[in-house]
Every structure is written in C-alpha cells, then in structure tokens.
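Subject: Structure for your review

Dear colleague,

Please find below the structure that I am handing over to you. My notes on what was found in it follow.

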Amino acid sequence: MRTLRDAVYAAAVGDALGVPVQFRERDTFHVDTMTGYGTDNKPPGTWSDDTSLTLATCMSIKESGGVDISLMRTYFLKWYEKGEFTPFGEAFDVGTTTRQALETGVGLTDVRSNGNGSLMRIVPLAFLHSVSKKDIEAVSAITHGHRIAKDACIIYVSIAQALLQGATLPEAIHEGMKGNKNPLFEHLPEVGTRKREEIKSTGYVVDTLYASIWSLLQTDNLKDALLTAVNLGDDSDTTAAVTGGLGGILYGCESIPSEWLNTLKRKDIIENCLFF
Ligand SMILES: [Mg+2]
C-alpha cells in the first residue's frame, strides 16, 4: 500500500533534480543524477516552492484533519513570509500568481493565471479519505482559481487516487478523465504516442500535466521517469515534481536511488509534515 510518503519524497527528489537546470533550454544540458548550484545557486538536494507548498498543504491537513482553506492559506503565508517549510529558511522560486494571490489574499481567476503553481502542490489531497471536486477546486483557487488550473488539479488527484487503488497508469489516466469536460485535456490518454518534440515543458499547467504523464508513460521506473521529466528543460523542477507525485505512488519511494535520497536536504521537515 502506497502512502503520502511515497508521493512526497518522489516529488521532492524530482523538484531537487530540476532546480539547478530550471529555465534551461531543452538539450542544452543533461541531468543524470542529483547536482547543485546552477539556476538558483543552491547546493545539491535543495527542493523549492513545489515541495514547500506541498508540505504546507500536508501540514494543514495534519492539523485540521481535512481541507481547511483558511488554515492552508495561513501555512502558505508562513512559507512565503517566514521561510517555513524550506531547506534554508527562505522561500525561493516563488511564482508570480502565487505571490500575487498570497499578498492580496485572493486567488487569481484570469485566463493568463494558469501556471502550474497549484498543480505542483495538489498531490496530498489524493490521500484524504474523502475529497470532493469542490475541495480540490478550492485548494487550487487559493492561488490559481481559473477553470483550467482547477481542472488540471482534479484530473491529477483523480489519477493519483486510481493509482492508489491499484490501477495501472493507463487505467488511472482513463479514470482521471472521467467527468472531464475541458477539451484542453481530452488528448491526455493518448499523450504516450507523442514524440518528445511535441511535448512542451513550460510553466503552463496544461503543458506540465501532459509532460508529466508523458514522462511516466515513456519509462518503467521512477529514476528514469524523473530524469526524463527534468531533461525536458524549461520548467524542469515543477515538471519533475509533478511527475514524482504520481511516480512515487506507482513505484514507491524505496525505488528512489539511495544516493539521491541521501543528498535530499532537510528530510526532518518533510517527515514532520506527513499526515500518515
Ligand atoms: Mg520550483
């Protein structure tokens, strides 16, 4: 039985693999293990906003026992303002929509605010005993309130839930698409047939969901799935973190190379946030 630990560690490892090469153009670099410095000049194993906000989400669930939007926002602010849930006491790699939403207290709802900033932190919801689509939408809308970002989160959590119940990845994608009416996502079940050059890895939430599912469908183990995602370039940390959230459920955190896990910073913070 997979647990939240599998999803969170695999996401954190993906995040940390991608941080040093974030925003780099595809095929101008090649990552094959945990490295450091680069884009944000952080040591190897440093995880970023993706993992921090996932942990803040976990912490609010741990404390409230469910989805408490106000408490969740409070923990997001502890990250943003005080650097909690971070490896070095400082929030970094903060997305523009997330920043604006946390500063004003209102999630953004315009069509241009459809970055992957809510998708990258949504996986803990799959581990709740009951979570409604309304809950998932509300959690996304703390920062990302547009239909597209909310639909991406619903599909992603639904896929994660199906994987937790033992579905294969193609079955889980099929499950996750049930009830989806958004044409932007209708090609997700066939994404595995696309060529690498057809896969975009920008910060647009639609690209991130497709790229992550594609990375999982191209590979048969967690290590390769994460490296495949990172090496797509551009928003490499988030693409790999989103890949890791599902990949951890598919393969288990014991399949993370021990060298990578050993390099991962502040595992004590991660452990403290796991709610079961
Ligand atoms: Mg990041």
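The lining of the largest pocket comprises 12 polar, 4 nonpolar and 4 charged residues. In this classification Ala, Val, Leu, Ile, Met, Phe, Trp, Tyr, Cys and Pro count as nonpolar, Asp, Glu, Lys and Arg as charged, and the others, Gly among them, as polar. This is a predicted model, in which local features need pLDDT of at least 70 and side-chain atom pairs count only at pLDDT 80 or more, while totals for chains, interfaces and linings use all residues. Residues are numbered from 1 along each chain as its sequence is written, and side-chain values use heavy atoms, with hydrogens and water left out.

The largest pocket holds about 330 Å³ of space. Among the 20 residues that line it, Gly95, Thr96, Gly115, Asn116 and Gly203 are the closest to its centre. Helix H4 (residues 96-104) gives the largest share of this lining, 3 residues. Helices are DSSP runs (H or I, at least four residues), numbered from the N terminus. A pocket is an open set of points on a 1 Å grid over the protein atoms alone, with protein on both sides within 12 Å along at least five of seven lines; a cavity is a set of points where a 1.4 Å probe fits but cannot get out; lining residues have an atom within 4 Å of a point. Grid points are joined across faces, edges and corners, and a volume is the space filled by probe spheres set on the points.

The second largest pocket has a volume of about 200 Å³. Its lining includes Met1, Arg2, Phe127 and His129, and divides into 6 nonpolar, 3 polar and 1 charged residues.

There is 1 cavity of 30 Å³ or more. The largest cavity contains about 40 Å³ of space, and its lining has 7 nonpolar residues, 1 polar and no charged. Thr54, Leu119 and Tyr156 are among the residues that line it.

Finally, a magnesium ion is coordinated by Ser48 (OG), Asp49 (OD), Asp50 (OD), Asp93 (OD) and Asp237 (OD), at 2.0 to 2.4 Å. Donors are N, O and S atoms within 2.8 Å of the metal (3.2 Å for Na, K and Ca); water is not among the atoms, so sites may look incomplete. Asp93, in the loop between helix H3 (69-82) and H4, and Asp237, in helix H10 (residues 236-251), lie 144 residues apart and link distant parts of the chain. Asp93 is buried, at a relative accessible area of 18%, and Asp237 is buried at 0%. Buried means under 20% relative accessible area, exposed over 50%, and partly exposed in between (1.4 Å probe, protein chains only).

Yours sincerely

Definitions and conventions:
Helix = DSSP H or I, 4+ residues; strand = E, 2+ residues; numbered from the N terminus.
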